Amino acid sequence: MKDRKDAYRVLMLWVNEGSFIKESGLSPFAMEIALGVCRRHLYLEYFIKGLVKKMPSYEVQMIIEVGLFQMFFMNVPDYAAVSTSVELTKAARLGDGAGRLINGVLGAAKKAGLPQMPPQRVRRVSIENSVPEWIVRRWFDVYGGDAAEALAKKTLERPTEWLRVNLQKISAPKLAQKLGFENASILYDRFIEVPASAKLKAVLESDSFAKGEFSLQNPSAYEVVKLLDMKPGMKVWDACAAPGGKSALLAEMDSSYSILASDVSDFRMAKMQDLADRLGLSNIQTACIDVLSLKDGRGMEYVARGLNLSPGAQVDRILLDVPCSNMGVIARRPEAIYRLTNQSLKELAELQYKLLESASTALAENGILVYATCSPDPVETTQVISKFLKAHPDFAKAGDPQLPGNRDSRFDGFFAQALTRKKA
């Protein structure tokens, strides 16, 4: 019952406060329930609507969803799913009536089986994959029906987990052997695919993790940082760095790089410093910097100080991984998709453009700025780039945009475009 209580508590925090489920520290069983219910929320809600005359309160609805998910999508006996769901109403002090309702609804669901889907394609894809209908319709318009449906289905898949090996401490084959990952897939000599049979919680509690021999990171991050075309001894500003994975990757790639990792949040910067300390990376400096402060002349002094630049000097390499809709990593962050609206997507694109325009003022001639998002949506990617290049003719694309997730389904759905500042 403790795991189910924890899963329910975290789900209600998500519903009421929009908190991220993966940051809740749940046990593997509780996490499977919580993330599973979140990923299938619209489907489970549709299921419930076919079983009741009037939708119950969100507190009761969420318990029913927990029960339905266990019954139809987990290897949990029906009687256990029903009885523990009724027990949850007592723990949540929802009253005897709520317990009777939940018992009746789950019993009816067992008898009726999974619901029939509506015939209209956009509506069906939306419900089947728990992607809001306006987003599915948008994907149909942007990518076409078949590609949109495939993209929606991918949101239900469990994402592949990868370890990024700290090559300054250990090799990938040695770490794989140490963790008992036989015949594990290794990419770029530094990323190990975590076997499906492995217990990720145990991996993260291992001595190797504590010693800084690895971190969790998707290989798409490597595809992004490669666009910086770094040379030994170079200095790079990671301008929206939190939680710090790409800065750490750069620091591990070459200890001669000087890296300034900054973000607008003091709290997130403290966590980034903890990451650098665990990994033993001395070539990362952290600072709290608002990228938007550069455009009106403020903030550059903090960048210069962090990278030990001479007065008036600019930066040769900038990584700008902007806040985004997370549409490329919905399977990893299922909460994000329910927060989005047409208006919020528009506002995100406006912020992304402002961040790009401001950060670009710090780039030296012939330098490289990599604009990246974990969303492939044109509004956040190609349209931002096109608008920027039109307004700033002294910049140009340095090669084609990269979409690692299009090449390998195990990769996160990143977009990255390298830009260079032309010599005057």
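# Working chat: helix contacts and sheets

Modeller: In this predicted model, R121 forms a salt bridge with D146, and the closest N and O atoms are 2.9 Å apart.

Colleague: Which helices do R121 and D146 lie in?

Modeller: R121 is in helix α7 and D146 in helix α9, so the pair ties together parts that are 25 residues apart in sequence.

Colleague: Which residues in α7 and α9 meet?

Modeller: From α7 there are R121, R124, V125, E128 and N129, and they meet G145, D146, E149, A152 and K153 of α9. Sorted by class, the contact of α7 with α9 has six charged, two polar and two nonpolar residues.

Colleague: Now α1 and α4. How do their axes cross?

Modeller: Helix α1 (residues 2–17) and helix α4 (residues 58–73) have axes that come within 10 Å and cross at roughly 130°. They are therefore oblique to each other. The crossing of α1 and α4 is right-handed.

Colleague: What makes the contact of α1 and α4?

Modeller: On the α1 side, R4, Y8, L11, M12, W14 and V15; on the α4 side, Y58, E59, M62, I63, V66 and Q70. By class, the contact of α1 with α4 has nine nonpolar residues, one polar and two charged.

Colleague: Changing topic: sheets. What is the order in the open sheet of four strands?

Modeller: The order is β2-β3-β1-β4, and the pairing is antiparallel. The edge strands are β2 (186–187) and β4 (214–216), each of which pairs on one side only.

Colleague: How many bridges are there between β2 and β3?

Modeller: Two, in the antiparallel sense, with β3 spanning residues 191–193. In β3, I192 is the bridge partner of I186.

Colleague: Which helix lies across β1 and β3?

Modeller: That is α14 (residues 245–253), which runs at about 40° to β1 (162–165).

Colleague: And what is the order in the sheet of seven strands?

Modeller: β7-β6-β5-β8-β9-β11-β10, again an open sheet, and the pairing is mixed. At the edges stand β7 (284–288) and β10 (395–397), each with a single partner strand, so one side of each is left without a neighbour in the sheet. From one strand to the next, the twist averages 20°.

Colleague: Is the pairing of β6 and β7 in the parallel or the antiparallel sense?

Modeller: Parallel, over five bridges; strand β6 is residues 258–263. In β7, the bridge partner of I259 is I284.

Colleague: What does helix α18 touch when it packs on the sheet?

Modeller: Helix α18 (residues 342–360) touches β5 (235–238), β8 (315–321), β9 (363–373), β10 and β11 (415–421). The direction of α18 makes about 160° with that of β9.

Colleague: Which strands does α19 lie across?

Modeller: Helix α19 (residues 382–391) lies across β9, β10 and β11, and runs at about 10° to β11.

Colleague: How do the axes of α18 and α19 cross?

Modeller: They come within 10 Å and cross at roughly 45°. That makes α18 oblique to α19. The crossing of these two, α18 and α19, is right-handed.

Colleague: Which residues in α18 and α19 meet?

Modeller: A349, Q352, Y353, L356, E357 and S360 in α18 meet V384, I385, K387, F388 and A391 in α19. The contact of α18 with α19 divides into seven nonpolar, two polar and two charged residues.

Colleague: Last topic, the backbone. Where is the cis peptide bond?

Modeller: A cis peptide bond joins A242 and P243, with omega about 10°. P243 lies in the loop between β5 and α14.

Colleague: What is phi of N183?

Modeller: Near 55°, which is a positive value in a residue other than glycine. N183 sits in the loop between α10 (172–179) and β2.

Notes: Residues numbered from 1 in each chain as written. Predicted model: local features only at pLDDT ≥ 70, side-chain atom pairs only at ≥ 80, totals over all residues. Heavy atoms only, no water. Contact = heavy atoms within 4.5 Å. Nonpolar A, V, L, I, M, F, W, Y, C, P; charged D, E, K, R; others polar. Pairing = 2+ DSSP bridges. Axes fitted to C-alpha atoms, helices over the stretch in contact; angles between N-to-C directions. Salt bridge = Lys/Arg side-chain N within 4 Å of Asp/Glu carboxyl O. Parallel < 35°, antiparallel > 145°, perpendicular 65-115°, else oblique. Left-handed = near helix turned anticlockwise from the far one by under 90°.
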